[in-house]
Structure formats: structure tokens, C-alpha cells
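I opened this entry to keep a record of what I looked up, topic by topic.

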Amino acid sequence: MRKLIAFDDDTLDKLKQLGRDRMATFQELADEAFADLLKKHGIPVDLRDALRKSARLDGEASKTTARPRTRKARSR
């Protein structure tokens with residue numbers, strides 16, 4: 001899907017220069033930027049991230065419902 005995004009001239013020039021310096025396309029820079037934004041807000045980027053997040057949430061839920069272990073007092 002294509003979307004049109006407007007940048008001011010200075011920002012566009014800096015993005016083009018960054019792309020040249022890193023030998024990356026504008027699309028690669030945009031993909032990285034949006035992936036970082038989604039990660040910052042806790043939104044999984046792809047299926048692998050969604051599964052990891054789901055597994056972590058399931059693991060936390062099972063930890064909170066499990067009874068804590070009690071220690072037996074040592075006799076001397």
C-alpha cells in the first residue's frame with residue numbers, strides 16, 4: 001500500500017543524506033523508523049514479535065496465579 005507523506009525541504013535533504021551515508025534506501029529508513037515507533041508503544045511489528053509478546057503475557061499470568069512456595073524451617 002502506498003501513502004503520501006509530506007516533508008519540509010530541510011528534513012527531506014537530511015533523510016536523503018542519511019540514506020546515502022548508510023547506503024540504505026528511503027524505504028529502508030522509513031521501515032526502520034516505523035518499526036521503532038511501534039516497538040516504543042508496545043505494538044508487535046510482525047508475527048514473531050506478536051507470538052513472543054503473547055507467550056510473555058501467558059507466562060506472567062501463570063506466575064501470578066501460582067501459589068508461592070513456602071520454606072520449611074530448618075531444625076538444628
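I took helices (H or I, at least four residues) and strands (E, at least two) as DSSP runs, numbered from the N terminus. On that basis the protein chain has three helices and zero strands. From the N terminus on, I read its elements as α-α-α.

I note that this is a predicted model, in which local features need pLDDT of at least 70 and side-chain atom pairs count only at pLDDT 80 or more, while totals for chains, interfaces and linings use all residues. Residues are numbered from 1 along each chain as its sequence is written, and side-chain values use heavy atoms, with hydrogens and water left out.

**Burial and surface**

I called a residue buried under 20% relative accessible area, exposed over 50%, and partly exposed in between (1.4 Å probe, protein chains only). Of the 76 residues of the protein chain, 4% count as buried.

Accessible areas come from the Shrake-Rupley method with a 1.4 Å probe, and for residues only the protein chains shown count as cover. The protein chain exposes about 8,000 Å². Carbon and sulfur atoms supply 54% of that area.

**Aromatic pair**

I counted rings of Phe, Tyr and Trp (its six-membered ring) as a pair if their centres lie within 6.5 Å; planes under 30 degrees apart are stacked, over 60 edge-to-face, and the rest tilted. A search of the whole structure gave me one aromatic pair. Its members are Phe-7 and Phe-26, edge-to-face, with 5.9 Å centre to centre and 80° between the planes. Phe-7 lies in the segment before helix 1 and Phe-26 in helix 2 (residues 26–40), so the pair ties together parts that are 19 residues apart in sequence. Helix 1 itself covers 9–22.

**Nonpolar patch**

For patches I used residues with over 30% relative accessible area and no salt bridge; like charges are joined within 9 Å, and nonpolar side chains (Val, Leu, Ile, Met, Phe, Trp, Tyr) within 5 Å. Ile-5, Phe-7, Phe-26, Phe-34 and Leu-37 make a nonpolar surface patch of about 480 Å². Both rings of the aromatic pair, Phe-7 and Phe-26, are thus on my list for this patch.

**Largest pocket**

The pocket search ran on a 1 Å grid over the protein atoms alone: a cavity is a set of points where a 1.4 Å probe fits but cannot get out, and a pocket is an open set with protein on both sides within 12 Å along at least five of seven lines. Lining residues have an atom within 4 Å of a point. Grid points are joined across faces, edges and corners, and a volume is the space filled by probe spheres set on the points.

The largest pocket holds about 470 Å³ of space. I found 16 residues in its lining, with Ile-5, Phe-7, Phe-26, Ala-30 and Phe-34 nearest its centre. Helix 1 and helix 2 are the elements that give two or more residues to this lining. Which element gives the most to the lining? Helix 2 does, with eight residues.

**Salt bridges**

I required a side-chain nitrogen of Lys or Arg within 4 Å of a carboxyl oxygen of Asp or Glu. By this rule I counted three salt bridges.

- Lys-14 and Asp-10 meet at 3.3 Å, N to O. Both lie in helix 1, four residues apart, about one turn of the helix. Lys-14 counts as exposed, at 55% relative accessibility, and Asp-10 as partly exposed, at 44%.
- Glu-32 and Arg-22 meet at 2.8 Å, N to O. This pair links distant parts of the chain, with Glu-32 in helix 2 and Arg-22 in helix 1, 10 residues apart. Glu-32 is partly exposed at 35%, and Arg-22 is partly exposed at 46%.
- Asp-49 and Arg-52 meet at 3.6 Å, N to O. Both lie in helix 3 (residues 47–65), three residues apart, about one turn of the helix. Asp-49 is partly exposed at 29%, and Arg-52 is partly exposed at 47%.

**Backbone**

Most residues other than glycine have a negative phi. I noted Met-23, where phi is near 55°, a positive value in a residue other than glycine. Met-23 lies in the loop between helix 1 and helix 2. Met-23 counts as exposed, because its relative accessible area is 77%.
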